[in-house]
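I am opening a notebook on this structure. The entries cover what I looked up, in the order I looked.

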Amino acid sequence: DISMQLRKGKSLAIIGPNGAGKSTTLKMIYATTVITAGHVEINGIDVETDPREAKRHIGVVMQDDLLDTSLNVVENMVAHAILFDIPWKLAKKKAESLLKFVGLSNYKNKEIHELSGGMRRRLVLARALVNNPELIILDEPTTGLDIQSRHVF
């Protein structure tokens, strides 16, 4: 029983106790969970009828990082960019730029298991920005971060 509208340049926080449905609501918006009631549109695109197109406008930082442990840092970035039909050369360039932005340039060839929790979260943030999203969904983005990393994030 919620209704929300978000305008460009604005932020919205969904706050509630554990089990209230916050993450489930975000998953419905991002089309990874079936919408049980109501309607979701992203920039006029119906999430249920055209989820792939709706996702092109969204960047997501979920609670779980869902990084591919068989790929290194830059490969994770490039693989995610390719999901948005970003050509490989441009994907690599964007990856390099975003890794610099989140302070991971020196770790681009590291394996995922070699990263600290804070580094993994920064990588997930960079990955969420690779498609230049108009909407960024952050589901408990600072979980597992130390105080300094939370401030940077």
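Is α1 largely enclosed by the rest of the structure or largely open, and why? Six of the eight residues of α1 are buried, so the helix is largely enclosed by the rest of the structure. I took buried as under 20% relative accessible area, exposed as over 50% and partly exposed as in between, with a 1.4 Å probe and protein chains only. Helices (H or I, at least four residues) and strands (E, at least two) are DSSP runs, numbered from the N terminus.

I noted that this is a predicted model, where local features need pLDDT of at least 70 and side-chain atom pairs count only at pLDDT 80 or more, while totals for chains, interfaces and linings use all residues. Residues are numbered from 1 along each chain as its sequence is written, and side-chain values use heavy atoms, with hydrogens and water left out.

**Entry: α1.** I listed the buried residues of α1 as Lys 22, Ser 23, Thr 25, Leu 26, Met 28 and Ile 29. Their cover includes β1, β3 and β4, with contact meaning heavy atoms within 4.5 Å. Just after α1, I found Ala 31 with a positive phi of about 65°.

**Entry: largest pocket.** I used a 1 Å grid over the protein atoms alone; a pocket is an open set of points where a 1.4 Å probe fits, with protein on both sides within 12 Å along at least five of seven lines, and lining residues have an atom within 4 Å of a point. A volume is the space filled by probe spheres set on the points, which are joined across faces, edges and corners. The largest pocket comes to about 1400 Å³. It is lined by 38 residues, and Met 4, Leu 6, Leu 12, Ile 29 and Leu 135 are the closest to its centre. I found that α1 gives the largest share of this lining, six residues.

**Entry: second largest pocket.** Its volume is about 420 Å³. Of its 26 lining residues, Met 62, Asp 64, Asp 65, Leu 66 and Arg 127 are the closest to the centre. Two or more lining residues come from each of α1, β3 (58-61), α3 (73-82) and α5 (117-128). The largest share, four residues, belongs to β3.

**Entry: a ring and a charge.** Which residue lies over the face of Tyr 30? I found Lys 55 there, at 4.9 Å from the ring centre. The rule asks for NZ of Lys or CZ of Arg within 6 Å of the ring centre and within 35 degrees of the ring normal.
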